[in-house]
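Q: Please guide me through reading the features of a structural model, taking each general idea before its particular case.

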Amino acid sequence: MDNELDRERARVARLYDRLDGLRDEEARRLNAVRSSKVGGNHQMRSERDALARMHEDRLLQLRDVDARLVFGRLQLPKAAEDEADSAFRYIGRLGLRDEEQRSLLLDWRAPQAAAFYQATAANPQGVLARRHVTMRDREVTHLDDEVFDADLLAQPGAALEVQGEGALMAALTGHRTGRMHDIVATIQAEQDRIIRSEMRGALVVQGGPGTGKTAVALHRAAYLLYTHRDRLGSAGVLIVGPSGAFLRYIETVLPSLGETGVVLQSLGELFPGVRATDDDSAAAAVLKGSLEMVDLIARAVKSRQRVPADTAHIDVNGDVLRVSPALIARAIQRAQQSGKAHNEARVVFVNQALDALAAQLANQLRTAGAVIDDTDASQLREDIRESTDAKIVLNTAWLPMTAEKLIGDLFARPDWLAELTPRWTPEKRALLHRARTEPFTISDIPLLDEAAELLGSPPAAPEAGQRERDLQRANDIENAKYAIRNAGVEGMVSAEQLADNFAEAPVRVTTADRAATDRTWTYGHVVVDEAQELSPMHWRLLVRRSPMRSFTIVGDIAQASSAASSRSWRSALDPFFRGRWDLEELTVNYRTPAQIAREAERVAGEHGLPITPAQSVREGDWPIRDVTVGSPDALPLAVAEAVRVDRGIDASGTLAVIVSRAARAAVLARLIATFGTDVGAGEAGLECPIAVLTTHESKGLEFDAVVLADPAALVAESPRGAAALYVAMTRPTQRLTQVHVDVPSA
Ligand SMILES: Nc1ncnc2c1ncn2[C@@H]1O[C@H](COP(=O)(O)OP(=O)(O)OP(=O)(O)O)[C@@H](O)[C@H]1O
């Protein structure tokens, strides 16, 4: 056995030698590019910087794959002339070739690697044996063989053990770290088929808790980037998750697979420039998530294009002009006919109105005996444009706006909202009301996007950008003067010349950087995780981000706990994907031990949730612990005690306390008093051994142990509370403790 382990270590060491060799080569190339002297020409400097960036990215990729570079081996029938090892095909995180371009290591996404995930005893796909190689740092620590070929099995010492589940079980029972890991070494056949399925329209992956939906979605993103590098490399891939905590949890998976150019955004970040973390009350979220808002926002934009009731008189350098409602109405009509967005159509409106007013002024002056030629006429137009009176009148009729201002005003001004919604009840309108100073919510994000779509680019942006650039330029020149004095090179180089160099310093703008900050960017593919939570308005926004509707959508409709979410994939997706989406299902629960999964399913059944039961791959070692206290006041102490007991079993892993929003502060305070800096709340909690989370924050995450604080309160705190409890109960990989509050009846 040791011999085989040693032999494998030697083979793997050769792969690392090759990796090191490539890394040194890349580092040498990077140094050469960096130190190369290019002329003063901006174009040449940019080319050099682009080349340097390419080498930096490649170097980073070679570094990211270092841990567990290789994880598998296929043994194939040997061709007669083959040398001993040549019938082995090694599978790893990336492909490696030797100097003669012979394959040493196969990227797991290559078509020839598929058999590693799909071969079974019944259908070995030409494979004699499959080996899982377990590594720690760069050292092979364990081999795990499955032999499919009867002849090979008969040979002494050909394989170590006939079982393939060792690597999977080791992965599943290991401690969780607060960060998701890739599953590239142990992807299961039903998952692999989904990961490798064609990029064609929308693919929905439905599965119960812990069935690997998130893992599959991320590996599919990596697979698609590898297979369609040309298309997706430039258009980019967007991954959407429910919360910042979730994105933090998954953010290292793709880099560990050698893919860095992906944009990750939570539902609260899908509108550039706004970062929403909280959501509205359930009723408000339902209203804001409904397609009724499309019409409301369109009306709100239109109402900013208004014909005044009376004629205005404006003063232009002492001449008085009449601005009649008819004049404004004509200009508005022309602008609306242009079909452009509000801010862009405003240019048409202003030009129309100015033309009419300039003609009026010219007539007045001619009547008074003046001679007006073309140059004078255009000067008159400029005079009107510059006059404060004209600006006021034109702005009142057609105000330029940002989406933030429109939505902010709409919700902060009850009179305006009432004017736009004559058929709504006051209670319904009140749901949208918010003070102007309150931050935007997650449900506001699609509304801002809708408004931005109708408004077009905000007019102030170019001016503001120019002001910033002018300021920067002035600053650069000042710095340059100082540097020239300091270096004693006055007269040899001008401050302006030197400042040009500052301005041209390379800005690192990757596809991902550009896509993340540009609202109108359209991605080549969008992956949506926990997709069951999305409202119709969210879907509307996302389809705008990928008009070709190339999507991977993963979720579990039974876990839908947000108020605005749908009851079925059909009702959620049909309006946006015109019925063109395929459904795949995952059926094995890799996370939750069977006894916890059964209890969660029982509770879900009690509340009438339509769950998809999944088969757990393992029984757990610990029974569920139930503790009951007699009053809500006793909850924090009892939760702290439950945490202490659990840490007594094993304090080296991760633990989450899942608590209602109402009890969060008290429970958190008690836990901090007891466990100090080991405790963290929300996103920050993922860095701590004990995380305190709401059900929303716990979505998609997992921990070695979970303590549920007052499960009944989790159900009661929202209309979809039973689904929220189901989510919470299915987060542990090992142990679950429930602290119930049972107030004795008087
Ligand atoms: N093939 C696999 N090999 C190793 N681990 C796996 C495999 N498939 C899933 N897992 C592990 O199972 C756990 C659950 O996976 P994941 O979070 O992707 O499930 P999910 O379906 O998204 O769950 P939920 O809907 O409950 O959030 C993770 O720890 C994941 O790494």
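**Reading the model**

A: Of the 746 residues of the chain, 39% count as buried, where buried means 20 or more other C-beta atoms within 10 Å of the residue's own, exposed means 12 or fewer, and partly exposed lies in between, with C-beta atoms placed from the backbone. This is a predicted model, in which local features need pLDDT of at least 70 and side-chain atom pairs count only at pLDDT 80 or more, while totals for chains, interfaces and linings use all residues. Residues are numbered from 1 along each chain as its sequence is written.

Q: How many helices and strands does the chain have, and what does its C-alpha trace span along the principal axes?

A: Helices (H or I, at least four residues) and strands (E, at least two) are DSSP runs, numbered from the N terminus. The chain has 32 helices and 22 strands. Its C-alpha trace spans about 115 × 85 × 55 Å along the principal axes.

Q: What share of the contacts between residues at least 6 apart in sequence join residues at least 24 apart?

A: Two residues are in contact if their C-beta atoms, placed from the backbone, lie within 7 Å. Among contacts between residues at least 6 apart, 72% join residues at least 24 apart.

Q: How does one read the buried side of a helix, and which residues of α26 are buried?

A: An α-helix has 3.6 residues a turn, so residues three or four places apart point the same way. Helix α26 (residues 594-606) has 13 residues and reaches 18 Å from its first C-alpha to its last, close to the expected 18 Å; the expected span is 1.5 Å times one less than the number of residues. The buried residues of α26 are Ile596, Ala597, Ala600, Glu601 and Ala604. Seen down the axis of α26, these fall within an arc of 135°, so they line one face of the helix; the arc is that of the directions from the helix axis to the C-beta atoms.

Q: What covers the buried residues of α26, and which exposed residues are on the face turned away?

A: The cover includes β15 (588-589), β16 (615-616), α32 (721-729) and β22 (732-741). The face turned away from the buried side carries the exposed residues Arg602, Gly605 and Glu606. Just after α26, Gly608 takes a positive phi of about 75°.

Q: Which residues does the "binding site" annotation cover?

A: UniProt positions are given in the numbering used here, feature names are shortened, and annotations may be inferred rather than shown by experiment. In the unreviewed UniProt entry, the annotation covers Gly207, Gly208, Pro209, Gly210, Thr211, Gly212, Lys213 and Thr214.

Q: Where does Thr211 lie, and why does Thr211 count as buried?

A: Thr211 is in the loop between β7 (202-207) and α7 (213-227). Thr211 counts as buried because 27 C-beta neighbours lie inside 10 Å. Leaving out residues up to four places away in sequence, Thr211 touches Leu586, Thr587, Val588, Asn589, Tyr590 and Ala614.

Q: How many residues surround the ligand, and which are the closest?

A: A residue is near a molecule or strand if its C-beta atom, placed from the backbone, lies within 6 Å of it. The ligand is surrounded by 22 residues, of which the closest are Pro209, Gly212, Lys213, Thr214 and Tyr590. The elements that give two or more residues to this shell are α5 (165-173) and α7.
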